Amino acid sequence: TNNIKIAPSILSADFAQLGAEIARIDAAGCDWIHIDVMDGHFVPNITIGPQVVKALRPHSEKPFDVHLMISPVDQYIDAFADAGADIISFHPEAGPHMHRTVQSIKARGVGAGIVLNPATSLSCLDHIMGDIDLILVMSVNPGFGGQKFIHSQLEKISAIRKMIDASGRDIRLEVDGGIDRATAPLAISAGADVLVAGTATFTGGPDKYAENIAALRGQ
Ligand code: DX5
Ligand code: ZN
């Protein structure tokens with residue numbers, strides 16, 4: 001097994017049986033569980049809130065990687081930390097004080113991540129590299145599963161890989177959107193070490209989850 005982590009996005013799971021779905025991807029060998037939180041305001045879709053995250057928590061001991069697509073974000077950090085998030089990531093566009101938001105996540109003992117939309121410059125990371133645990137590059141516009149991978153993001157992933165290596169810090173580089181068996185190797189060669197995959201994990205039904213996850217890992 002290599003060092004690539006696979007984080008299935010439960011956005012593509014069967015929402016009528018989310019607890020069972022989480023137990024299945026856990027048993028199928030996923031590394032993290034990616035939870036997409038959307039508010040119908042920051043992105044044009046509505047998914048789940050902290051109450052659902054809390055209800056899911058007993059169904060797996062693997063890290064809950066919570067991707068917040070909500071604005072404003074600050075007033076919800078405690079609720080997601082209380083619900084059992086291990087990592088909380090947010091978009092710099094979601095609030096006026098990125099540094100403060102990172103500090104409030106860290107204050108809860110939770111990993112802090114910054115998410116860059118396809119058109120967002122990596123320069124917003126310059127002065128926060130010393131404080132964060134994860135950088136998430138969106139390779140689709142956030143809001144929906146099942147979209148096509150935006151290839152221009154590979155260059156951004158490579159540039160961020162260099163920034164992370166130069167920083168000497170232990171920062172995960174995650175890619176989210178349109179990851180499948182064809183695009184996973186591209187993201188990995190560009191320097192990603194965590195791959196989010198919704199459609200590509202859940203396609204084919206529960207019998208295929210283990211095979212799908214292994215294939216994304218390149219095994
Ligand atoms: C999109 C979400 C993604 C999405 C990925 O806003 O952040 O996590 O579920 O779905 P796929 O893997 O199907 O592109
Ligand atoms: Zn996501």
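A residue is called buried if 20 or more other C-beta atoms lie within 10 Å of its own, exposed if 12 or fewer do, and partly exposed in between, with C-beta atoms placed from the backbone. Colleagues, please keep that definition in mind.

The structure is a predicted model, in which local features need pLDDT of at least 70 and side-chain atom pairs count only at pLDDT 80 or more, while totals for chains, interfaces and linings use all residues. Residues are numbered from 1 along each chain as its sequence is written, and chains are lettered from A and ligands numbered from 1 in the order in which they are written.

I begin with the active site. The unreviewed UniProt entry gives the annotation "active site" to Asp-36 and Asp-176. These two span 141 residues in sequence, yet no two of their C-alpha atoms are more than 10.5 Å apart, so they gather at one spot. UniProt positions follow the numbering used here, feature names are shortened, and annotations may be inferred rather than shown by experiment.

Asp-36 belongs to strand S2, residues 33-38. Strands (E, at least two residues) and helices (H or I, at least four) are DSSP runs, numbered from the N terminus. Asp-36 is buried because 24 other C-beta atoms lie within 10 Å. Contact here means that the C-beta atoms of two residues, placed from the backbone, lie within 7 Å. Setting aside neighbours within four places in sequence, Asp-36 is in contact with Ser-9, Leu-11, Thr-47, His-67 and Met-69.

Asp-176 lies in strand S7 and is buried, with 27 other C-beta atoms within 10 Å. Its contacts, not counting residues up to four places away in sequence, are His-67, Leu-136, Met-138, Ser-139 and Val-196.

Is Phe-144 buried or partly exposed? Phe-144 is partly exposed, because 15 other C-beta atoms lie within 10 Å. Its place is the loop between strand S6 (134-138) and helix H5 (153-167). Gly-177 sits in the loop between strand S7 (172-176) and helix H6 (184-190), and it counts as buried, with 27 C-beta neighbours inside 10 Å. Apart from neighbours within four places in sequence, Gly-177 is in contact with Met-138, Ser-139, Val-140, Gln-147 and Phe-149.

Next, the ligand. Of the 21 residues around ligand 1, Ser-9, Pro-142, Gly-145, Gly-198 and Thr-199 come nearest; a residue is near a molecule if its C-beta atom, placed from the backbone, lies within 6 Å of it. S2, strand S8 (194-197) and helix H7 (199-202) each supply at least two residues of this shell.

Finally, I come to strand S5. Six of the six residues of S5 (111-116) are buried. In a regular strand the side chains alternate between the two faces of the sheet. In S5, Gly-111, Gly-113 and Val-115 point one way, and Ala-112, Ile-114 and Leu-116 the other.

Strands pair if DSSP finds at least two bridges between them. S5 pairs in the parallel sense with strand S4 (residues 87-90) over four bridges, and Ile-87 stands opposite Gly-111. From S4 the chain passes through helix H4 (residues 98-107) to S5 in a right-handed β-α-β crossover, meaning that, with the strands pointing away from the viewer, the path from the first strand over the helix to the second runs clockwise. S5 and S6 also run parallel, joined by four bridges, and Ile-114 has Ile-135 as its bridge partner in S6.
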